[in-house]
Amino acid sequence: MTAISVMLAVPDAAAASAWYQRALGATELWNLGSVVGLELQGAPFFVAEPANNGWESPKALGSTTARIEVFVDDPDSVVGGAAEAGADYHDPVRDHSAPWGTHRQGGFFDPYGHLWLVGDKSPLQRHR
């Protein structure tokens, strides 16, 4: 099996875990203190505190370098929950036309500077 995971740099892993649980409905899988494994509707991800080991949080850098894209059945509720929990709701969920059909997607910046896009149909499959 091959899997790709994302680890988000955060200044306080416990606080970030609590925020993702409250805002997105994430579930904590395990907690090592400075590194926490979480799951969002079956999709695992990590949060961790950088320790001068070659990476840093977007807030510390002043910019994000990647975006987190999540595909769920109800993007409106995920993005709405993040906005209610204090995320910067910069892109309301709306219909987008794509070669594979219309899909709903919107986005936000979490309190740690990570850009999240949440949609209902993943483009991560072959489209002809």
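Predicted model: local features only at pLDDT ≥ 70, side-chain atom pairs only at ≥ 80, totals over all residues.
Let's start with arginine 94, which is partly exposed at a relative accessible area of 40%. On this scale, buried is under 20% relative accessible area, exposed is over 50%, and partly exposed is in between, using a 1.4 Å probe and protein chains only. The areas themselves come from the Shrake-Rupley method with a 1.4 Å probe, and for residues only the protein chains shown count as cover.

Residues are numbered from 1 along each chain as its sequence is written, and side-chain values use heavy atoms, leaving out hydrogens and water.

Back to arginine 94: its side chain meets that of aspartate 91 in a salt bridge at 2.3 Å, N to O. Aspartate 91 is buried, at 16% relative accessible area.

## The other salt bridges

Side chains of opposite charge can pair when their charged atoms come close. Here, a salt bridge means a side-chain nitrogen of Lys or Arg within 4 Å of a carboxyl oxygen of Asp or Glu. That rule gives a count of four.

Glutamate 69 pairs with arginine 67 at 2.8 Å, N to O, and glutamate 69 is partly exposed at 32% relative accessibility. Aspartate 95 and arginine 104 meet at 3.2 Å, N to O; arginine 104 is partly exposed too, at 26%. Asp76 joins in as well, so that Asp76, Asp95 and Arg104 are linked in a network of salt bridges.

## Glutamine 105

What does glutamine 105 touch, not counting residues up to four places away in sequence? Its contacts (heavy atoms within 4.5 Å) include Glu69 and Arg94, along with Phe71, Pro92 and Leu117, among others. Glutamine 105 sits in strand E7 and is buried at 12% relative accessibility.

## Helix H3

Helices (H or I, at least four residues) and strands (E, at least two) are DSSP runs numbered from the N terminus. In helix H3, residues 75–84, the buried residues are Pro75, Val78, Val79, Gly81 and Ala82. They cover an arc of only 155° around the axis, which puts them on the same side of H3. The arc is taken from the directions from the helix axis to the C-beta atoms.

What do the buried residues of H3 pack against? Their partners are helix H1 (13–24) and strands E6 (88–98), E7 (101–109) and E8 (115–119). After H3 comes glycine 86, with a positive phi near 105°.

## Strands around E4

Strands count as paired if DSSP finds at least two bridges between them. Alanine 48 turns up in both pairings: it is the bridge partner of alanine 9, and it stands opposite valine 35.

E3 and E4 also form a hairpin with two residues between them, and glutamine 41 in the turn has a positive phi of about 50°.

## A nonpolar patch

Leu29, Trp30 and Leu32 make a nonpolar surface patch of about 320 Å². Patches take residues with over 30% relative accessible area and no salt bridge, joining like charges within 9 Å and nonpolar side chains (Val, Leu, Ile, Met, Phe, Trp, Tyr) within 5 Å. Leucine 32 lies in the loop between strand E2 (27–31) and strand E3 (35–40), and counts as exposed at 65% relative accessibility.
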